[in-house]
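The structure is shown first, and the points follow by topic.

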Amino acid sequence: MSDAVHPGWAVYDLDRLLANLAAIRGRCAPGQSFIAALKGNAYGHGAVPVARALDGEGLAAFMTGSFDEACSLRTEGLRTPVVMFAGALPEGMADLVRTGLVPTIVDRAGAEAAARAAAPGEAAPVYVKVNAGLGRLGVPLEEAEAFLLDLAAMPGLEVQGLYTHLPFGDAHGRDWAAGRFAAFDALLARLEERGLAPPVTQAGASASVAAGLPDRSNAVCVGHLLYGLSPFTDASVADVSAYRPVLAEVGSRLVQVSDHPQGSDIAVAGSYGIRRGRRTGVAPVGAAQGLARPAPGSRPEALIRGRRAPVLAVSLEHLTLDLSDVEEAAAGDAVLLLGGEGDAAIGLAEFAAWSGRRALDTVLALSGRLAAHYRGRAGGATRI
Ligand SMILES: *Cc1c(COP(=O)(O)O)cnc(C)c1O
């Protein structure tokens with residue numbers, strides 16, 4: 001389908017993804033393994049193209065959220081094992097195991113179901129999740145040692161990984177997480193003493209990597225930093241400016257430029273700006289494509305011909321712009337909501353600030369609603 005039918009696109013830069021991975025590697029100890037968090041359609045960036053770009057990077061695993069997402073990776077013939085975040089009932093374990101996925105186990109019923117699903121004479125590979133303090137999912141930390149001893153004696157089961165999750169967004173959270181990392185590390189030490197050393201152990205994620213928390217596990221599982229998103233609500237915890245957003249451009253084209261007689265009072269539905277001039281332009285992207293309605297007091301802008309044009313309104317299917325400062329703008333001109341070059345660039349932080357949403361929520365909202373183009377190592381621009 002030609003761009004002219006309904007112009008609206010998002011460009012994801014896979015070279016930035018690989019550069020972010022390299023920056024993460026640079027912060028970790030030599031020999032550390034890496035798991036890429038691909039849940040939520042790779043945080044809105046497209047699980048399949050992201051997985052293809054990462055498959056040659058020697059990662060310990062891809063972690064996915066939904067069964068559909070995991071199956072879409074399995075059919076790609078990737079080399080990297082696909083681990084499912086906890087989300088299955090015991091009755092669902094057979095489907096996961098027989099699809100070649102690695103389920104997360106949080107209790108004995110799930111472990112038994114996975115073992116039963118293993119082919120005769122084989123063992124179902126699983127990861128075990130421990131609740132080390134987040135209070136969400138997992139085997140309670142105090143019970144983990146006994147649980148793992150139990151599983152070691154269970155035929156048909158092979159514990160390939162042991163993990164927990166300790167995310168934080170600010171300095172208070174960092175101090176809390178440091179204590180919980182130490183508790184998880186103590187569990188690993190006790191297991192080792194008993195001769196139990198799962199091949200993959202992981203507690204670290206974007207926040208702990210960026211903040212440099214001590215971590216005894218042999219792998220980290222990263223999402224935010226991989227996609228160039230900050231895991232922090234308090235930017236003073238650690239500098240993450242080295243990680244560049246993989247979402248590099250969001251654009252559309254003007255489908256109409258209109259002149260309005262001076263002084264006419266044309267209502268612009270959901271108007272945020274004050275129209276100063278007589279010329280407006282409309283691009284066919286709006287809330288239906290995932291654009292946020294600007295927060296009161298924000299002054300969102302878009303780039304046309306390298307110059308800034310105030311956003312007057314975001315309606316369901318349309319974006320209305322004030323073209324007072326871009327008088328020569330014409331139908332067909334590109335409208336960039338994110339992207340551009342040099343001084344005339346709009347970054348993800350500015351784009352996300354329209355609505356007061358976090359950058360991740362902004363990327364998620366656009367996901368799957370605009371034509372997606374991938375640039376970089378994955379082999380030129382691909383449309384999916
Ligand atoms: C999502 C997730 C991660 C990745 O977290 P980021 O903060 O995005 O790096 C790691 N581990 C688990 C268990 C997760 O659910």
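The centres of domain 1 and domain 2, taken over C-alpha atoms, are separated by 39 Å. The model is predicted. In the domain assignment of the protein chain, domain 1 covers 31-227 and domain 2 covers 247-383.

**Domains**

- The contact between the two domains takes 9 residues from domain 1 and 8 residues from domain 2.

**Helices H1 and H3**

- Helix H1 spans residues 14-27 and helix H3 spans residues 47-54; their axes come within 10 Å and cross at roughly 55°.
- The crossing in which H1 passes H3 is right-handed.
- On the H1 side the contact is made by Leu14, Leu17, Leu18 and Leu21, and on the H3 side by Pro49, Val50, Ala53 and Leu54.
- Sorted by class, the contact of H1 with H3 has 8 nonpolar residues, with no polar and no charged ones.

**Helices H7 and H8**

- Helix H7 (residues 141-152) packs with helix H8 (residues 171-193) at an angle of about 20°, and their axes are 10 Å apart.
- Angles under 35 degrees count as roughly parallel, and H7 and H8 are therefore roughly parallel to each other.
- H7 passes H8 in a crossing that is right-handed.
- H7 contributes Leu141, Ala144, Glu145 and Leu148 to the contact, while H8 contributes Arg180, Ala183, Phe184, Leu187, Arg190 and Leu191.
- The residues in the contact of H7 with H8 comprise 7 nonpolar and 3 charged, with no polar ones.

**Strands S14 and S15**

- Which strand pairs with S14, and in what sense? Strand S14 (residues 301-304) pairs with strand S15 (residues 307-314) in the antiparallel sense, over 4 bridges.
- Ala302 has Ala309 in S15 as its bridge partner.
- The hairpin of S14 and S15 has 2 residues between the strands, and in this hairpin Arg305 takes a positive phi near 50°.

Methods
Residues numbered from 1 in each chain as written. Predicted model: local features only at pLDDT ≥ 70, side-chain atom pairs only at ≥ 80, totals over all residues. Heavy atoms only, no water. Pairing = 2+ DSSP bridges. Axes fitted to C-alpha atoms, helices over the stretch in contact; angles between N-to-C directions. Parallel < 35°, antiparallel > 145°, perpendicular 65-115°, else oblique. Left-handed = near helix turned anticlockwise from the far one by under 90°. Contact = heavy atoms within 4.5 Å. Nonpolar A, V, L, I, M, F, W, Y, C, P; charged D, E, K, R; others polar. Domains from an automatic or database assignment.
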